[in-house]
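My plan is to note what I look up, one entry at a time.

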Amino acid sequence: MDAEKGRRVSTDAKELQASLFKAESHLSLSKPHDEAGKLTMTDLLKPEDIKKSLDFFAGETFDPKKFFELVGMTAMSADSVKQVFMVLDVDGSGFIEEEELKYVLQGFSKEGRELTDDETKAFLIAADKDGDGKIGIDEFATLVHE
Ligand SMILES: [Ca+2]
């Protein structure tokens, strides 16, 4: 009788352990470094700097150079700036096209606002040195550091 009781307890403990393990592996699945180890914006920039920069331009005409400075990109290496570019290039085409540029602030945070058509055009003109109508990775890095 006593032996049977003991067996029941140890079975319960094993079940508990199994369910804890399940919960743990479930948690690790929902961590940010998931698919192919792709970087997210907060791996590259401080969340508080992103918020500060987005707040600054909430009601102000967007100025890319000023934004890059506020968000901390001007102080970054060219390689890190290129990693930011790769996060912003949502479709992985190697370019930030006009349509992606309109939503570029949402690449920094989902709280970011859309750029107006005028702001989008001004941003594109400032960055698009070769005039192909889209921003390449080198053009982007140049704009941040020029
Ligand atoms: Ca693209």
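Predicted model: local features only at pLDDT ≥ 70, side-chain atom pairs only at ≥ 80, totals over all residues.

Entry 1: I started with I135 and skipped its neighbours within four places in sequence; it is then in contact with F95, I96, L101, L124, A127, D128 and F140.

I next looked up the largest nonpolar core, which has 23 residues. I135 is there, and together with V71, V81, L101 and F140 it touches the most other members. I then listed the elements that give two or more residues to this core: α4 (64-71), α5 (78-88), β1 (95-97), α7 (104-108), α8 (117-127) and α9 (137-145).

**Entry 2: the whole chain.** I stepped back to count elements and found nine helices and two strands. Reading from the N terminus, I wrote down their order as α-α-α-α-α-β-α-α-α-β-α. The chain has 146 residues, and 19% of them count as buried. I also checked contacts with a separation of 6 or more: residues 24 or more positions apart account for 52% of these.

**Entry 3: helix α4.** Which residues of α4 are buried? I found P64, F67, F68 and V71. They cover an arc of only 100° around the axis, which puts them on the same side of α4. I then looked for what covers these buried residues, and my list includes α3 (47-56), α7, α8 and α9.

**Entry 4: helix α5.** I repeated the search here and found V81, V84 and F85 as the buried residues of α5. Seen down the helix axis, they fall within an arc of 105°, so they line one face of α5. Their packing partners are α2 (41-44) and α9.

Entry 5: I followed the chain into the loop between α5 and β1, where I found V90. Is V90 exposed or partly exposed? I counted 15 C-beta neighbours inside 10 Å, so V90 is partly exposed. Leaving aside neighbours within four places in sequence, V90 is in contact with E100 and G107. I looked at the pair V90 and E100 again: they are 10 residues apart along the chain, and their C-alpha atoms are separated by 7.5 Å.

D91 has 10 other C-beta atoms within 10 Å and is exposed. For S93 I also read 10 other C-beta atoms within 10 Å, and S93 is exposed.

**Entry 6: the UniProt record.** I then turned to the annotations. An unreviewed UniProt entry places the feature "binding site" at D91, S93 and F95. UniProt also gives this feature, again from an unreviewed entry, at D89, E100, D128, D130, D132, K134 and E139.

I looked up two of these positions. E100 sits in helix α6 (residues 98-102), and with 19 C-beta neighbours inside 10 Å it counts as partly exposed. D132 lies in the loop between α8 and β2 (134-136). How many C-beta neighbours does D132 have inside 10 Å? I found 11, so D132 counts as exposed.

Terms used. Residues numbered from 1 in each chain as written. Core = buried A, V, L, I, M, F, W, Y, C linked by C-beta atoms within 7 Å. Buried ≥ 20, exposed ≤ 12 C-beta atoms within 10 Å, placed from the backbone. Helix = DSSP H or I, 4+ residues; strand = E, 2+ residues; numbered from the N terminus. Contact = placed C-beta atoms within 7 Å. Arc of directions from axis to C-beta. UniProt positions renumbered as here; feature names shortened; annotations may be inferred.
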